[in-house]
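Welcome, and thanks for opening the viewer. Let's take a short walk through this model, one selection at a time.

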Amino acid sequence: MAPFYSDGMDLDKSVTELLQERIVSEREADTVYDRYWHGMILILKPLFLLFTLQHIRWIFTGVLVSCMMVLTVLLVRRKQYLTSVLLWLGAVAVQFWMAAMCIEYFPVFLIAVLISITMVLAEEKRKRIISLCIVSGVCVAFFDFLTTETLAFVLPIALVYGIWQSKGKIRSIKEEVWYLMKAGSGWLGAYFFTY
């Protein structure tokens, strides 16, 4: 809960006017803003000691672009040229840089890219992929559970399946459906239990 002064929910006044009135006239909080848990506060609060919100947005943009570049290099090293191009086309199509400008979207995009990097590095170990799905589910629920959650599961698993397909490592349909069910239920279970 975050109590704040709103002058009886006066929508004609800007937040800045309300804040100034609160400080100058020492008004008491008259409204409570209930917000769900957002683990990003653990990262944001220390950053606010050193940077402004705009600086933090630029830092997040740099981190996200850097991670995308690392993922692209890993995919190219595995001869996933089309996948690399499609990854960037998809990222540009959804304006992924805006995820860093909207703090609530940033963690899921970052988790998706970091888990993708880790899964690409561990693509030889199928059990580790399932473990990474669980880590992804926990992280998404902890850092932000009401935005673009499934991106942190779908993107990494799709990239790994692309690599497996190009290497001829796709198993029978029955085995792959069972594997996807285990990976998906691991992600979903971790997500819900963390929630």
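Start with Gln95, which is partly exposed because its relative accessible area is 43% (buried means under 20% relative accessible area, exposed over 50%, partly exposed in between, with a 1.4 Å probe and protein chains only). Gln95 sits in the loop between H4 and H5; helices (H or I, at least four residues) and strands (E, at least two) are DSSP runs, numbered from the N terminus. Check the backbone here: phi of Gln95 is near 50°, a positive value in a residue other than glycine.

Before moving on, a word on the ground rules. This is a predicted model, in which local features need pLDDT of at least 70 and side-chain atom pairs count only at pLDDT 80 or more, while totals for chains, interfaces and linings use all residues. Residues are numbered from 1 along each chain as its sequence is written, and side-chain values use heavy atoms, with hydrogens and water left out.

**Another positive phi**

Now select Glu26, in the loop between helix H1 (15–24) and strand E2 (31–33). Glu26 is not a glycine, yet has a positive phi of about 50°. With 64% relative accessibility, Glu26 counts as exposed.

**A polar pair**

Next, pick Gln80 in the loop between H3 and H4. Is Gln80 buried or exposed? Gln80 counts as buried, because its relative accessibility is 5%. Its side chain makes a polar contact with the side chain of Ser166 at 2.8 Å. A polar contact is a pair of N or O atoms within 3.5 Å; within protein, one must be able to donate a hydrogen and the other to accept it, and residues adjacent in sequence count only if both atoms are side-chain atoms. Leaving aside neighbours within four places in sequence, Gln80 is in contact (heavy atoms within 4.5 Å) with Leu75, Gly162, Ile163 and Ser166.

**Inside helix H7**

Select Ser136, found in helix H7. Ser136 has a relative accessible area of 0%, so it is buried. Beyond four places in sequence, Ser136 is in contact with Ile111, Ile115, Ala152, Phe153 and Trp187.

**The nonpolar core**

Which residues have the most contacts inside the largest nonpolar core? Select Phe60, Leu64 and Leu71, in a core of 48 residues. Such a core is a set of buried Ala, Val, Leu, Ile, Met, Phe, Trp, Tyr and Cys residues joined through side-chain atoms within 4.5 Å. Its largest share, 11 residues, comes from H6. Zoom in on Phe60: not counting residues up to four places away in sequence, Phe60 touches Met40, Ile43, Leu44, Leu47, Ala100, Ile103 and Phe106.

**Last stop: a pocket**

Finally, show Leu87, Gly90, Ala91, Leu151 and Leu155, which lie nearest the centre of the second largest pocket among its 15 lining residues. A pocket is an open set of points on a 1 Å grid over the protein atoms alone, where a 1.4 Å probe fits, with protein on both sides within 12 Å along at least five of seven lines; lining residues have an atom within 4 Å of a point. H4 gives the largest share of this lining, 5 residues.
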